[in-house]
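I opened the notebook to record the fold first and the whole-chain totals after it.

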Amino acid sequence: SLELCPNPSHLESVDPVAEGVVRARQDAMAGSDAQSRSMALLIHGDASISGQGVVYEVMQMSRLEGYRTGGTVHIVFNNYIGYTTQAEESRSTIYCTDIAKAFQAPVIHVHSEDPIRCMQAARLAMKYRQTFHKDIFIDLGCYRKHGHNEGDEPTFTQPVEYQKIKEKKTIYTLFKDDLLKQGALEANEVRDIEQGFESALKEASDSILEK
């Protein structure tokens with residue numbers, strides 16, 4: 001089962017809450033494999049993981065007997081979420097995930113426009129966590145189509161970059177075109193998948209509105 005913890009803030013305040021929920025579940029389970037049966041998955045922004053102290057605090061306590069949960073998988077959306085701030089103006093390290101070095105936690109760097117590699121990274125991260133029961137990070141290199149919020153216009157700070165981003169196709173379109181080019185899918189199969197997905201979304205939306 002999957003449980004999503006309510007997050008009242010973008011400042012990573014939910015991280016220790018999620019770890020606490022997992023630890024409570026593990027403590028309530030019988031057997032020595034409790035840590036393998038329940039796990040925390042934390043999703044970070046690039047600015048928050050390098051700039052918010054709560055991430056370091058959670059990592060610092062991750063191996064203490066009273067707090068450990070047998071390893072956490074961290075997914076970092078590395079997409080200039082911090083108001084399109086350049087890396088050299090926002091942190092003292094090369095990568096936003098360099099915090100992992102303090103805890104000897106591996107980091108997998110993967111490009112978001114390659115869904116297959118992203119799935120492989122996720123599987124590798126899960127294997128590592130389940131084998132060694134330690135934290136591991138996936139640094140997902142990506143970009144934002146729009147600004148940080150409705151008040152942020154990224155073309156003011158990165159005009160050249162955002163002109164290129166504006167011209168890019170979506171990841172879905174790139175992946176679909178690649179599969180069609182390889183012959184892994186036929187055009188009619190793509191239409192069936194898209195229609196099925198849209199029908200599932202509409203059915204879910206209608207069921208909520210009915211309540």
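**Fold and totals**

I read the elements of the protein chain from the N terminus as α-α-β-α-α-β-β-α-β-α-α-α, with helices (H or I, at least four residues) and strands (E, at least two) taken as DSSP runs numbered from the N terminus. The model is predicted: local features need pLDDT of at least 70, side-chain atom pairs count only at pLDDT 80 or more, and totals for chains, interfaces and linings use all residues. Residues are numbered from 1 along each chain as its sequence is written, and side-chain values use heavy atoms, without hydrogens and water.

I looked up the sheet next. Four strands make an open, parallel sheet in the order E1-E2-E4-E3; two strands pair if DSSP finds at least two bridges between them. Strand E1 (40-45) and strand E3 (107-111) are at the edges with a single partner strand each, so one side of each has no neighbour in the sheet.

I then checked E3. Five bridges join E3 to the parallel strand E4 (residues 136-141). Ile-108 stands opposite Ile-138 in E4.

Helix H5 (residues 115-132) packs on the sheet and touches E2, E3 and E4; contact means heavy atoms within 4.5 Å. The direction of H5 makes about 165° with that of E3, where axes are lines fitted to C-alpha atoms, for helices over the stretch in contact, and angles run from 0 to 180 degrees between N-to-C directions. Helix H1 (residues 14-28) lies across E1 and strand E2 (72-78), at about 170° to E1.

Last, I noted the extent: the C-alpha trace of the protein chain spans about 50 × 45 × 40 Å along its principal axes.
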